[in-house]
Amino acid sequence: PGSWAAEELRPRLAATGVVRGATVHAEAPSYDGLRHGTGADTTMLTGLVSLWADSYQDVDLVALLAGAPYAAWHAYLVTESVPQPYGTVMTWAEGERSPGLSMVTLLDKPPAVSEPEFYRCWHGLHRLTTAECHPFTSYVRNEVVRPLTEGAPAYRGIVTESAPDEQDFLDPDRFYVSGGDPERLKANQKRVFGEVAQFIDFATIQVAPMSEYVVRRLAPTSP
């Protein structure tokens, strides 16, 4: 995936002239113990290509993704929010693998949860909780407007969260920024799990550990 992004995707982006930024996330099998869920259609999420363009209609996705290492793919039109950009933390070059690890999440809304409550919990409560209870250096939140490919699974959100060291995800004290305090660890875990249960459908969620490649940066906000 990294070589495809560098050797094939970057030249195509330069040639199109309509794509302002691109980030590739590719599955990291060594950390599959962090994976959760298989989605509504039981397919496994193995990669994500995020593109920023003035108009999605001007992007030939089939041509752009030709040769990419996928078995099948779907596209979504999204509105992006970046509660936590890399900013000056990003000191590595475009196209290089970002340090650490990223988690990519596909999520849907529980049927019983109202639209106002869904956004109150996701955009309001969880933004603050993510900043206070996790060690992320990048948090990108995409709200799905609609699918662009026929048969695409129904999702409401596509989220990427990155941290500079794999241990930030593997070590509970680091992941929940407890500082080694057992009581703070339990409190932060309770806060996170209690909150996401209010707005995420756990029957259809997918969470996958991935390597990240910022192929072309849409600075300073994305990724």
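Predicted model: local features only at pLDDT ≥ 70, side-chain atom pairs only at ≥ 80, totals over all residues.

Two residues are in contact here when they have heavy atoms within 4.5 Å of each other. Leaving aside its neighbours within four places in sequence, Ile200 is in contact with Leu107, Asp108, Pro110 and Ile205.

Ile200 and Leu107 also turn up together in the largest nonpolar core, which has 23 residues. Along with Phe118, Trp122, Phe169 and Phe199, they are the residues that touch the most other members of that core. Which elements each supply at least two residues of this core? They are β4 (101-107), α3 (115-133), β6 (157-163) and α6 (182-196). The biggest contribution comes from α3, with four residues. Apart from this core lies another one, of 13 residues, including Trp4, Val19, Val59 and Leu64.

Now for the rings. The structure holds ten aromatic pairs. One of them joins Phe118 and Tyr119 in an edge-to-face arrangement, with 5.0 Å from centre to centre and 65° between the planes.

| Residue | Relative accessible area | Class |
|---|---|---|
| Phe118 | 0% | Phe118: buried |
| Tyr119 | 23% | Tyr119: partly exposed |

Tyr119 counts as partly exposed because its 23% relative accessibility falls between the cut-offs of 20% for buried and 50% for exposed.

Conventions
Residues numbered from 1 in each chain as written. Heavy atoms only, no water. Core = buried A, V, L, I, M, F, W, Y, C linked by side-chain atoms within 4.5 Å. Buried < 20%, exposed > 50% of the residue type's maximum accessible area, 1.4 Å probe, protein only. Phe/Tyr/Trp six-rings, centres within 6.5 Å; stacked < 30°, edge-to-face > 60°.
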